[in-house]
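Let's take a walk through this model, one feature at a time. Keep the viewer open as you read.

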Amino acid sequence: MKAIQIVQPGEIKTVELERPIPQDDEVLVKIQYVGFCGSDLNTYLGKNPMVKLPVIPGHEIGAVIESVGSKVPSDIKAGLPCTINPYTNCGNCPSCRNSRPNACQFNETFGVQRNGAMAEYMAVPWSKVIIDPDSQLSSKDFALVEPMSVGFHAVSRGEVSDLDTVMVIGCGMIGIGAIIRVVIRGATVIAVDMDDEKLALVKRLGAHHAINSRTENVSQVLKGLTNGCGADVIIEAVGSPITYQMAINEVAFTGRVVCIGYAKSEIAFETKYFVQKELDIRGSRNAMPQDFRSVMKYLKRRTCPVDELISGIYKPDEAQIALTKWQEDPGKVFRILIQF
């Protein structure tokens with residue numbers, strides 16, 4: 001079968017591998033679409049310390065079940081579109097014992113700590129296969145489920161309710177997932193980004209207010225929108241020192257800050273705000289199965305402009321071209337899909 005490998009920083013090649021043979025408790029899936037995410041771009045750029053090269057990237061999966069093992073439940077059938085939960089969990093670490101396997105201490109994510117899904121076929125344990133019982137979602141829809149679920153999970157970590165005003169910093173694919181989930185929960189959403197096209201899109205998705213941090217003073221606009229109080233919840237979905245500091249500085253007293261983005265350098269904070277505001281500062285990692293299901297329920301509404309969230313679809317031998325274009329203009333990319 002054909003597969004994509006990141007061989008070394010700046011180099012991708014297409015390789016031929018043996019097609020996997022599923023075990024009795026496994027499912028063989030035929031990959032149709034796989035999304036490139038930020039971790040894949042960082043691997044390509046040599047900036048992902050968790051990856052050992054060469055590696056097959058990809059964990060945002062839209063597939064069709066090819067065959068099933070003899071011990072697979074009967075509802076998982078050949079021909080069904082699906083996605084795959086791309087995380088592992090050990091079952092014994094503190095996260096797993098606390099029923100939060102998404103944050104397993106020893107997690108290995110497809111395309112990061114182990115080979116990913118950018119290949120024609122993949123064999124996975126049946127428990128990792130997520131199907132749509134109603135068969136309303138296509139494999140292309142399924143390729144968007146995992147990245148959106150990360151934003152959905154962050155909203156759960158923030159315990160957002162309809163009484164909250166929530167500021168989401170960053171309107172990439174993860175931030176969009178967070179904005180959609182906040183809208184579904186009935187809260188007031190303030191979106192922050194530097195790109196007017198992204199801000200216009202999230203307004204159509206339900207964001208009540210949009211702030212361009214390149215041309216507007218975020219602090220002043222936010223105070224005007226919240227009677228000087230700040231946001232009850234701020235979700236940081238960028239991963240830069242400036243946006244992390246913005247989250248701490250602008251969140252309301254007794255507010256919650258949810259951190260998704262990975263900053264590449266150390267950040268200096270006014271730590272007095274941690275105490276004076278009595279803040280809850282929460283990390284958010286990956287997603288839970290219920291987050292996947294919530295995204296699927298949302299996509300079935302057919303109100304999401306799926307095609308607008310896909311910045312390009314490329315063939316496997318065009319993978320390097322795709323990542324190079326993303327590297328050149330990262331602010332304009334939502335999701336890039338590789339189609340097998």
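Is Cys 104 buried or exposed? Cys 104 is buried, with a relative accessible area of 0%. Keep in mind that this is a predicted model, so every number below is computed from predicted coordinates.

Staying with the cysteines, you'll find zero disulfides in the structure. Cys 93 is in no disulfide, and its nearest cysteine sulfur belongs to Cys 96, 3.7 Å away. The cut-off for a disulfide is sulfur atoms within 2.5 Å. Cys 104 is likewise in no disulfide; for this residue the nearest cysteine sulfur is that of Cys 90, at 3.7 Å. As for accessibility, Cys 93 counts as buried, at 3%.

Now for the rings. A pair of aromatic rings is described by how far apart the centres are and by the angle of the planes. Searching the whole structure turns up two aromatic pairs. One of them brings together Tyr 87 and Phe 292, with 6.5 Å centre to centre and 70° between the planes, which is an edge-to-face arrangement. Look at where the partners sit: Tyr 87 is in the loop between β5 (81-84) and α2 (94-97), while Phe 292 belongs to helix α10 (residues 289-299), so the pair ties together parts that are 205 residues apart in sequence. Tyr 87 is buried, with a relative accessible area of 3%, and Phe 292 is buried as well, at 0%.

There is also a pair made by Phe 269 and Phe 274, with ring centres 5.9 Å apart and planes at 50°, so this pair is tilted. Phe 269 counts as partly exposed at 31% relative accessibility, and Phe 274 as partly exposed at 30%.

Rings can have charged neighbours too. Arg 19 lies over the face of Tyr 121, at 4.1 Å from the ring centre. Lys 198 takes up a position over the face of Phe 334, at 5.3 Å from the ring centre.

Helix α10 comes back when you turn to the pockets. The second largest pocket has a volume of about 370 Å³. Its lining has 24 residues, and the closest to the pocket centre are Ser 127, Val 129, Ile 130, Pro 289 and Arg 293. Which element gives the most to the lining of the second largest pocket? That's α10, with four residues. By residue class, the lining divides into 13 nonpolar, five polar and six charged.

Next, the backbone. Most residues other than glycine have a negative phi, and most peptide bonds are trans. With that in mind, look at Leu 53 and Pro 54, which are joined by a cis peptide bond with omega of about 0°. Pro 54 has its place in the loop between α1 (38-44) and β4 (60-68).

Then check phi. Thr 254 is not a glycine, yet has a positive phi of about 60°. You'll find Thr 254 in strand β12 (residues 251-259), where the residue is exposed, with a relative accessible area of 52%. Glu 278, also not a glycine, has a positive phi of about 50°. Glu 278 sits in the loop between α9 (272-276) and β13 (280-283) and counts as exposed, at 58% relative accessibility.

Two last stops compare sequence separation with distance in space. Gly 206 is in the loop between α6 (196-204) and β10 (209-212), and is partly exposed, with a relative accessible area of 23%. Gly 206 and Arg 181 are 25 residues apart in sequence and 9.9 Å apart in space, C-alpha to C-alpha. Val 306 is in helix α11 (residues 306-309) and counts as buried at 13% relative accessibility. How many Å separate the C-alpha atoms of Val 306 and Asp 134? The separation is 19 Å, for two residues that are 172 residues apart along the chain.

Definitions and conventions: Residues are numbered from 1 along each chain as its sequence is written. This is a predicted model: local features need pLDDT of at least 70, side-chain atom pairs count only at pLDDT 80 or more; totals for chains, interfaces and linings use all residues. Side-chain values use heavy atoms; hydrogens and water are left out. Buried means under 20% relative accessible area, exposed over 50%, partly exposed in between (1.4 Å probe, protein chains only). Rings of Phe, Tyr and Trp (its six-membered ring) pair if their centres lie within 6.5 Å; planes under 30 degrees apart count as stacked, over 60 as edge-to-face and the rest as tilted. A charge sits over a ring if NZ of Lys or CZ of Arg is within 6 Å of the ring centre and within 35 degrees of the ring normal. On a 1 Å grid over the protein atoms alone, a cavity is a set of points where a 1.4 Å probe fits but cannot get out, and a pocket is an open set with protein on both sides within 12 Å along at least five of seven lines; lining residues have an atom within 4 Å of a point. Grid points are joined across faces, edges and corners, and a volume is the space filled by probe spheres set on the points. Ala, Val, Leu, Ile, Met, Phe, Trp, Tyr, Cys and Pro count as nonpolar, Asp, Glu, Lys and Arg as charged, and the others, Gly among them, as polar.
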